[in-house]
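Student: I am new to this structure. Please take a close look at one part of it, the places where the chains touch.

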There are 4 protein chains.
Amino acid sequence: MSSKYKALKQECYEANMELDALNLVIYTFGNVSAVDREKKVFAIKPSGVPYEELKPEDIVILDFDNTVIEGEMRPSSDTKTHAFLYKNWENIGGIAHTHATYSVAWAQAQLDIPIFGTTHADHLTADIPCAPPMRDELIEGNYEHNTGIQILDCFKDKNLSYEEVPMVLIGNHGPFTWGKDAAKAVYNSKVLEEVAKMALLTKQINPEAPRMKDSLIKKHYERKHGKNAYYGQN
Amino acid sequence: MSSKYKALKQECYEANMELDALNLVIYTFGNVSAVDREKKVFAIKPSGVPYEELKPEDIVILDFDNTVIEGEMRPSSDTKTHAFLYKNWENIGGIAHTHATYSVAWAQAQLDIPIFGTTHADHLTADIPCAPPMRDELIEGNYEHNTGIQILDCFKDKNLSYEEVPMVLIGNHGPFTWGKDAAKAVYNSKVLEEVAKMALLTKQINPEAPRMKDSLIKKHYERKHGKNAYYGQN
Amino acid sequence: MSSKYKALKQECYEANMELDALNLVIYTFGNVSAVDREKKVFAIKPSGVPYEELKPEDIVILDFDNTVIEGEMRPSSDTKTHAFLYKNWENIGGIAHTHATYSVAWAQAQLDIPIFGTTHADHLTADIPCAPPMRDELIEGNYEHNTGIQILDCFKDKNLSYEEVPMVLIGNHGPFTWGKDAAKAVYNSKVLEEVAKMALLTKQINPEAPRMKDSLIKKHYERKHGKNAYYGQN
Amino acid sequence: MSSKYKALKQECYEANMELDALNLVIYTFGNVSAVDREKKVFAIKPSGVPYEELKPEDIVILDFDNTVIEGEMRPSSDTKTHAFLYKNWENIGGIAHTHATYSVAWAQAQLDIPIFGTTHADHLTADIPCAPPMRDELIEGNYEHNTGIQILDCFKDKNLSYEEVPMVLIGNHGPFTWGKDAAKAVYNSKVLEEVAKMALLTKQINPEAPRMKDSLIKKHYERKHGKNAYYGQN
């Protein structure tokens with residue numbers, strides 16, 4: 001049976017498999033979604049399915065109010081968080097959630113990841129924010145929806161732009177990352193994991209290691225993202 | 001020659017090979033068993049056989065009093081601990097024992113693994129218990145049998161249910177995990193190893209990192225195991 | 001179309017692929033160059049190209065003043081640093097730059113790597129130098145060119161010879177290594193990463209671990225590099 | 001051309017290749033030897049040859065006074081240490097030397113590895129000894145020969161038996177391990193590396209972690225090596 005969401009499901013499927021290939025997840029942990037802004041739907045991994053058994057046709061299609069549009073399986077338990085972010089942040093095309101080891105460790109430590117070097121600065125100019133654990137009344141309510149609220153509140157409190165800072169840690173939980181499409185969201189999950197590991201090791205070598213100088217942060221960001229960017233082929 | 005335990009041996013064999021595939025053991029370390037409650041027997045890895053040489057027909061069948069029912073090889077040196085647990089905990093179907101690195105490190109540190117985040121809480125709501133090293137009179141006696149006693153005593157002292165907490169660390173030794181079958185016992189060994197690593201890294205980043213809030217522990221457990229669970233496909 | 005730089009491109013291509021095979025980089029991170037002293041040009045990886053897509057004909061040829069001689073892609077964003085080093089250090093044949101995890105951690109910690117043992121001493125007899133972060137006026141100027149200046153200043157300040165010390169860390173950034181050809185530069189990146197990890201672990205086990213004795217440093221260096229060297233086959 | 005040492009070379013070759021397969025070495029680091037007590041010779045890896053290029057016929061045959069008996073390549077730079085140990089310890093059949101990461105870290109930290117658990121106790125009942133760095137007059141002399149002296153002095157000072165403790169760390173350098181044959185020596189190198197990593201992690205989790213109780217050390221050793229051993233198939 002053909003589907004008008006076939007290409008979207010394929011994009012979503014491939015990004016989920018990449019999560020597994022990059023060693024960012026074990027078993028059924030983690031999930032990636034991809035959005036189709038014109039059709040106002042997104043595609044997401046079904047809940048609890050091991051990556052080695054996942055097939056493109058298992059991918060579930062929902063609208064931004066969490067109504068299933070196509071698919072026979074139950075969508076990821078984190079679906080409402082994805083829907084909330086797509087609804088509120090109109091310029092993102094894909095979202096990834098992992099339980100990658102070093103990213104989770106920082107989330108459990110409930111600390112922002114300081115910007116210590118250019119590996120970090122080539123991707124974003126702020127410390128990677130860690131949202132505090134959810135207030136009890138939110139936990140007891142619509143939990144995964146409220147995780148979305150928690151992320152938006154964190155960006156508001158810290159005065160961050162989701163277009164400049166494509167990642168967040170949820171205290172006691174783990175990372176969410178996003179990008180122009182699902183593949184870029186997964187890329188950002190991998191970069192976050194690498195930066196999280198480097199930052200932990202930096203602190204172990206030198207507990208007094210200073211944040212990177214502001215002038216250097218700015219330079220590295222601009223050579224990749226600025227008006228006169230000269231990194232990459234376009 | 002055909003055996004009425006062929007399916008049980010196969011289950012046990014596959015679970016042992018999975019231990020190796022998941023990098024939870026090196027050389028001959030570790031062992032997995034699987035039980036047949038109707039026949040009142042369990043199958044376990046033979047002692048000291050490297051995983052690459054192990055064959056399904058090498059698996060040894062014993063009753064719960066450690067009498068070998070079928071098999072020509074000597075069973076795992078930890079067999080009496082498995083027998084004791086099957087005898088006392090009637091709802092477990094498989095048991096795994098590893099010397100996985102991070103699990104052993106916590107066992108050697110003789111500390112419970114604090115519940116720091118949702119990766120842990122998705123699987124169990126308590127700190128992962130570490131039983132204290134055995135008293136000298138028990139060590140000198142029936143050592144592996146007494147390891148079973150030590151585990152039961154630990155669960156009694158800490159008021160834990162083996163059905164809710166499918167894993168334990170033995171001080172100075174390493175982990176035992178269990179589940180509804182041998183594959184699930186191995187799954188729990190892998191989850192324990194991952195959670196053990198995350199907890200160590202969390203403490204390194206922030207020695208003052210607090211345990212997860214009780215409200216959040218409860219939420220995550222219930223969305224997977226509660227009456228209104230909505231994780232997975234059934 | 002044939003090129004008179006074909007062999008040089010091939011050498012450069014293979015060394016870049018080795019960087020990837022040795023797990024010293026992810027995605028498009030890192031770059032290796034190779035020089036042809038007679039033709040007064042060097043070959044370098046194009047900017048932002050993933051290793052699995054890289055082809056020998058993508059390699060860019062430049063002279064020491066950063067003029068592209070051959071190649072249709074934009075060269076690595078670090079090209080000016082390579083050019084500066086080739087221009088100033090006439091006895092090096094290849095340069096490698098990575099974002100390898102442990103090397104970056106020391107660079108971010110802004111500390112020299114102490115010489116703790118023979119693995120280090122078999123390759124160089126000094127602590128591995130970490131150049132301080134660049135002064136603001138240099139950052140705002142010709143950044144990558146000035147990274148070269150920063151490296152030379154560091155070697156001058158610490159009274160080091162680039163022929164004896166084939167590696168440096170740039171504070172807040174990461175490592176540069178070099179050698180008689182591109183393959184040797186990559187080899188030195190791998191050795192540096194291994195030595196960086198060993199030194200971090202050494203400090204974790206014993207924060208008071210002393211540097212290696214001078215007499216032992218000298219012995220290990222000379223058995224490999226001295227007049228009466230007896231390591232290797234020639 | 002046939003050689004009467006063909007089998008010995010093959011044993012030595014396979015053990016060296018295993019060192020590489022177990023990730024205990026990179027590049028040309030490390031070496032393994034195997035002895036033929038009847039012929040009073042030993043076989044050892046040639047110096048500085050990468051594992052992927054090594055062939056059985058490259059293996060060098062020497063007597064216990066370091067005279068080359070057969071082979072066209074220069075033997076490992078550590079050859080004199082091997083010869084000295086074979087000459088003094090008549091019951092060992094193989095020796096391995098690596099620069100494995102965690103083993104080297106403890107050697108660089110110049111600390112014995114405390115016996116923290118059963119993974120360690122299943123193999124030896126003592127802390128893993130770390131010989132102090134060599135005295136200057138020994139370094140300046142016949143260095144590799146004197147490394148052998150240093151090992152014997154360490155075992156004498158600590159009152160250890162080489163048959164019970166099949167491994168040592170050399171301060172500022174790295175590990176040597178041995179066994180009844182070359183394969184067992186390599187096995188002990190792998191066990192040492194694993195135990196070294198577990199001990200470091202144990203100290204990180206709990207800096208006050210106590211050594212294992214003597215009663216438990218004794219029990220684990222005897223169930224594998226004692227008169228009534230019941231581990232393994234014979």
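**Where chain A meets its neighbours**

Tutor: Between chain A and chain C the count is one salt bridge, a term for a side-chain nitrogen of Lys or Arg within 4 Å of a carboxyl oxygen of Asp or Glu. The side chains that form this salt bridge are those of A:Lys213 and C:Asp136, at 3.0 Å from N to O. This is a predicted model, in which local features need pLDDT of at least 70 and side-chain atom pairs count only at pLDDT 80 or more, while totals for chains, interfaces and linings use all residues. Residues are numbered from 1 along each chain as its sequence is written, chains are lettered from A and ligands numbered from 1 in the order in which they are written, and side-chain values use heavy atoms, with hydrogens and water left out.

The interface of chain A and chain C also has twelve residue pairs in polar contact, with both residues at pLDDT 80 or more. A polar contact is a pair of N or O atoms within 3.5 Å; within protein, one must be able to donate a hydrogen and the other to accept it, and residues adjacent in sequence count only if both atoms are side-chain atoms. On the side of chain A that touches chain C, helix H4 (118–121), helix H7 (182–205) and helix H8 (214–225) of chain A each supply at least two residues. Helices are DSSP runs of H or I with at least four residues, numbered from the N terminus. H7(A) has the largest share of that side, twelve residues.

In total, 34 residues from chain A and 35 residues from chain C take part in the contact, where contact means heavy atoms within 4.5 Å. The area buried between these two chains is about 3100 Å², and carbon and sulfur atoms give 55% of it. Buried area is the accessible area (1.4 Å probe) that two parts lose on being put together, summed over both.

Turning to chain B, 35 residues of chain A are in contact with 34 residues of chain B. The buried area between chain A and chain B is about 3100 Å², with 55% from carbon and sulfur atoms. In chain A, the residues that lose the most area to chain B are A:Tyr27, A:Arg74 and A:Gln108, together 21% of what that side buries. One salt bridge is found across this interface, and in it the side chains of B:Lys213 and A:Asp136 meet at 3.0 Å, N to O. Of the helices on the side of chain A that touches chain B, H3(A) gives the most, with seven residues.
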